[in-house]
Amino acid sequence: MTTTLETLLVRHDEAEQLGSTPDTMTLLADVSQTGGHLSTSRATLSRGRDGATPHFHTSSAEMFFIVDGELQILSDEKVVTVGTGDMLFVPPHTTHAFGATERSGADVLIVFTPGVERFEYFRMIDRIRRGEAAPEEILASQDRFDNHFVDSATWRAARAA
């Protein structure tokens with residue numbers, strides 16, 4: 001049996017937004033809406049704000065498109081700064097992290113392909129941020145969300161600079 005997907009349109013004012021301005025995560029499309037093809041969100045970060053600590057995914061690649069501003073991204077053992085209009089692709093099994101630079105905030109479109117369940121992961125992080133869930137829930141959910149955390153001396157040094 002073949003399943004036919006329909007075109008998906010997500011209007012800006014209808015998308016679920018987590019956090020508060022200027023640091024927000026806008027949930028655009030998850031695997032349940034795209035037939036597993038991709039999941040995508042948009043993050044806005046204030047100057048120097050961390051987006052994600054070092055981690056890797058076993059089954060998905062992740063793409064970062066910088067809509068505006070500057071973002072530092074760890075990819076394996078290299079930290080690069082990307083700016084407005086730049087795109088960075090991170091293959092599966094590659095340790096990565098990201099955060100806005102000290103000079104600029106960042107507005108970034110993030111796409112996972114093939115899609116992995118991300119919306120519930122981002123909602124859990126938002127609950128932890130608001131004190132409604134324990135931080136240990138993130139570690140307990142690594143396999144469920146294919147988000148495996150690791151330490152990176154390279155990232156720590158780059159963010160301390």
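First, a term I need: a polar contact is a pair of N or O atoms within 3.5 Å, and within protein one must be able to donate a hydrogen and the other to accept it. I also note that this is a predicted model.

**Entry 1: H96.** I started in strand β8, where H96 is found. Is H96 buried or exposed? The relative accessible area of H96 is 1%, so I write it down as buried. I then looked for its polar partners. The H96 side chain makes a polar contact of 2.6 Å with the side chain of E62. The H96 side chain also reaches the backbone oxygen of T94, at 2.8 Å. Setting aside neighbours within four places in sequence, I listed the contacts of H96, among them T53, P54, H55, F56 and H57. F64, L74 and V90 are on that list too.

**Entry 2: the core.** Next I looked up the largest nonpolar core, which has 28 residues. Which residues have the most contacts inside it? I noted F64, L71, I73, F98, V108 and I110. Several elements each supply at least two residues of this core, including β3 (39-45), β5 (61-75), β8 (96-100) and α2 (119-129). With 5 residues, α2 gives the most. I checked I73 by itself.

**Entry 3: helix α2.** I went along α2 for buried residues. F119, Y121, F122, M124, D126 and I128 are buried there. G131 follows α2, and its phi is positive, near 80 degrees.

**Entry 4: the surface patch.** Which residues form a nonpolar patch on the surface? I found F65, V67, M87 and F89, with about 360 Å² of accessible area together. Strands β5 and β7 each supply at least two of the patch residues. V67 is found in β5. V67 has 33% relative accessibility, so I count it as partly exposed.

**Entry 5: R42.** R42 and V67 are 25 residues apart in sequence, and their C-alpha atoms are 9.3 Å apart in space. R42 is partly exposed, because its relative accessible area is 32%. The side chains of R42 and D107 are joined by a polar contact of 2.5 Å. Leaving aside neighbours within four places, the contacts of R42 include T24, M25, V67, D107 and V108.

Methods. Residues are numbered from 1 along each chain as its sequence is written. This is a predicted model: local features need pLDDT of at least 70, side-chain atom pairs count only at pLDDT 80 or more; totals for chains, interfaces and linings use all residues. Side-chain values use heavy atoms; hydrogens and water are left out. A nonpolar core is a set of buried Ala, Val, Leu, Ile, Met, Phe, Trp, Tyr and Cys residues joined through side-chain atoms within 4.5 Å. Buried means under 20% relative accessible area, exposed over 50%, partly exposed in between (1.4 Å probe, protein chains only). Helices (H or I, at least four residues) and strands (E, at least two) are DSSP runs, numbered from the N terminus. Patches are made of residues with over 30% relative accessible area and no salt bridge: like charges are joined within 9 Å, nonpolar side chains (Val, Leu, Ile, Met, Phe, Trp, Tyr) within 5 Å. Accessible areas come from the Shrake-Rupley method with a 1.4 Å probe; for residues, only the protein chains shown count as cover. A salt bridge is a side-chain nitrogen of Lys or Arg within 4 Å of a carboxyl oxygen of Asp or Glu. Contact means heavy atoms within 4.5 Å.
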